[in-house]
Amino acid sequence: MAAKTPVAKAVVAKPAADPAATVAGAAATVTTALPGVPQALSARARTLAGAVRRRCADLARIESPSGDAPRLDALAEELAAGFRSTGATARREPGPAGDHLVLEWEGRDESLPHLLIVGHHDTVWPVGTLTDWPVTEQDGRLTGPGVVDMKGGLAILEGALALLADLGERPHRTVRLVVVSDEEVGSPDGRLLVERQLRGAAAVLGLEPPHPDGRLKTARRGSTRVRLTVTGREAHAGNDAQDGVSAVDELVDQLVLVRDLAGQPGTELNAGRISGGSRANVIAGRAEAELGLRFATVEAQRRTLDNLARLTALRPGARVRTEVLSSRPAWPERTGNPLLRHVRSLAAVLGQHLDGAPAGGAGDTNLPGSRGLPTLDGFGAVGAGAHARHEYIRLDQIAPRIALLAALLAVPLPRLRDRAEG
């Protein structure tokens with residue numbers, strides 16, 4: 001695989017009571033931290049936008065489906081090389097389905113709690129997708145498998161850190177980035193790595209794409225993947241049908257029950273995959289379904305999972321087993337949200353209008369958000385179509401995102417909670 005050119009090797013909730021004063025204060029803070037901004041910051045971001053666009057396209061051309069360890073490891077090494085060129089230290093953390101990455105940048109004030117950023121390098125797209133859907137740039141958009149979810153976000157962060165390095169600056173505090181290899185299947189292993197980095201974190205940022213209109217994500221529904229397995233008893237479907245117990249029939253009836261359970265307030269169900277049986281003349285001895293559940297509240301999540309765990313077979317001789325494959329807790333909206341106010345004020349200084357709203361999907365920011373840590377997601381590339389064949393990013397929004405992230409990393413954070421200073 002040919003090495004790609006890192007960006008650094010190329011030549012950026014609720015409103016405050018007094019928005020004008022907040023923006024003026026933010027402008028003073030930015031100017032102190034980065035003399036000559038916002039004009040210089042935005043101008044340098046525009047200069048870097050082309051390199052970031054090319055970097056995103058290069059990363060998307062390295063196919064990295066969840067579970068394909070060799071391809072994920074190859075991409076992890078490419079990402080590590082790019083981030084090292086911006087001043088990061090990097091280490092790979094072994095995972096059962098591909099290595100994760102932990103990267104760190106020294107801050108100007110090492111005494112402060114670190115800023116944690118979370119991302120992932122796996123995609124939902126199988127190997128070979130590029131054959132009939134190549135990475136293409138047209139009409140102000142870059143399209144291709146994984147460009148918005150989330151190769152674009154990784155490239156933009158690399159660009160923001162390259163911008164700071166180009167200015168001879170470092171982040172205000174230590175920045176730690178965790179890139180997991182299994183996010184698209186619920187981070188069953190990556191979650192443990194993310195959890196270990198939460199201790200002492202001042203705030204957590206996510207590199208998932210924002211809402212299509214550019215708004216950041218201020219809350220997320222909980223999500224759980226469940227495997228429902230039914231065991232029956234095989235028999236000849238013509239001669240000895242009375243001796244068999246159909247696992248397929250039992251699974252169908254169980255799914256009807258599950259649909260009723262998922263109809264409770266705050267719960268949504270998607271039966272994503274069903275399999276079972278062997279031949280038309282054999283009573284099926286085994287069947288299973290993989291279910292995707294989403295929850296508006298922690299209470300709805302607990303109630304539904306408790307009900308699923310209590311499922312029992314309807315047919316004598318059949319057995320039903322419920323297995324939680326991965327689970328993310330609901331991240332509720334935070335009243336006031338000082339982190340969002342801070343980011344909005346920085347955006348305003350850069351001439352950007354930015355807001356936030358809850359999101360329906362789940363991600364690795366669910367965990368810190370559910371625990372009350374100051375958390376925002378959606379700092380990745382602006383676009384739409386994640387997990388769909390029309391996935392794209394908007395090229396005109398690359399430079400604003402680079403500038404915003406660079407400013408956010410370089411400028412001191414306000415007090416976000418009682419026990420976090422700086």
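Trainee: What makes Asp 139 count as exposed?

Mentor: Its relative accessible area is 72%, and exposed means over 50%, buried under 20%, and partly exposed in between, using a 1.4 Å probe and protein chains only. So Asp 139 is exposed. Keep in mind that this is a predicted model, where local features need pLDDT of at least 70, side-chain atom pairs count only at pLDDT 80 or more, and totals for chains, interfaces and linings use all residues. Residues are numbered from 1 along each chain as its sequence is written, and side-chain values use heavy atoms, with hydrogens and water left out.

Trainee: Where does Asp 139 lie?

Mentor: In the loop between strand 4 (136–138) and strand 5 (141–143). Helices here are DSSP runs of H or I with at least four residues, strands are runs of E with at least two, and both are numbered from the N terminus. Asp 139 also has a positive phi, near 55 degrees. Most residues other than glycine have a negative phi.

Trainee: And Asn 337, buried or exposed?

Mentor: Buried, because its relative accessibility is 2%. Asn 337 sits in the loop between strand 12 and helix 9 (338–349), and its phi is positive too, near 50 degrees.

Trainee: Which residues of helix 8 are buried?

Mentor: Ala 300, Gln 301, Thr 304, Leu 305 and Leu 308. They cover an arc of only 120 degrees around the axis, so they're on the same side of helix 8; the arc is taken from the directions from the helix axis to the C-beta atoms. They pack against several elements, including helix 7 (247–262) and strand 9 (222–231), with contact meaning heavy atoms within 4.5 Å.

Trainee: What is the order of the strands in the open sheet of 4 strands?

Mentor: The order is 10-11-9-12, with antiparallel pairing.

Trainee: How many bridges join strand 9 to strand 11?

Mentor: There are 10, and two strands pair if DSSP finds at least two bridges between them. One example: Thr 224 has Leu 293 in strand 11 as its bridge partner.
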